[in-house]
Amino acid sequence: QVQLRESGPGLVKPSQTLSLTCTISGGSITASGICWSWIRQAPGKNLEWMGALVYTGKTYYNSSLKSRTSISRDTSGTQFTLQLSDVTPEDTATYFCARGGSCSRFESWGQGTQVTVSP
């Protein structure tokens, strides 16, 4: 069974770059047909898909965040990262990594990591 776990700083200052890592156990990021996504949920708001990395290495981004978002994978195939630049308090949210057979269907989720953007 594939398990996902997010890690990263819980507090980031405005204008900095947020960097989060999703560690995969029981699977590989190069598994055929799998899409690996980052999703967030701000307080009182709906889930927001931020972007994804597919097994071929291709990336997809939410158009509203594209200019500030970068998703990449490590060479071991067991981690992928999210970088969100120029953060503001509006980026305060719980951030999740997820896995699915498509980038709009999520079958496995990490437990989420809370990120607060504050001076």
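Welcome! Two disulfides are counted in this protein, and the model you are looking at is a predicted one. Counting the bonded cysteines along the chain, the disulfides follow the pattern 1-3, 2-4. Here is a short tour of each link.

**The link of Cys 22 and Cys 97**

- Cys 22 and Cys 97 form a disulfide, and 2.1 Å separates their sulfur atoms.
- This pair joins distant parts of the chain, with its cysteines 75 residues apart.
- Cys 22 sits in strand β3 (residues 18-25), while Cys 97 belongs to strand β9 (residues 93-100).
- The torsion about the S-S bond of Cys 22 and Cys 97 is about 65°, so this disulfide is right-handed.
- Cys 22 has a relative accessible area of 0%, so it is buried.
- Cys 97 is buried too, with a relative accessible area of 0%.

**The link of Cys 35 and Cys 103**

- Cys 35 and Cys 103 form a disulfide, with their sulfur atoms 1.9 Å apart.
- Distant parts of the chain are linked here as well, the two cysteines being 68 residues apart.
- Cys 35 lies in strand β4 (residues 35-41), and Cys 103 lies in the loop between β9 and β10 (108-109).
- The link of Cys 35 and Cys 103 is right-handed, with 105° about the S-S bond.
- Cys 35 counts as buried because its relative accessibility is 2%, which is under the 20% cut-off.
- Cys 103 has a relative accessibility of 22%, so it counts as partly exposed.

Note on methods:
Residues are numbered from 1 along each chain as its sequence is written. This is a predicted model: local features need pLDDT of at least 70, side-chain atom pairs count only at pLDDT 80 or more; totals for chains, interfaces and linings use all residues. Side-chain values use heavy atoms; hydrogens and water are left out. A disulfide is a pair of cysteine sulfur atoms within 2.5 Å. Helices (H or I, at least four residues) and strands (E, at least two) are DSSP runs, numbered from the N terminus. Buried means under 20% relative accessible area, exposed over 50%, partly exposed in between (1.4 Å probe, protein chains only).
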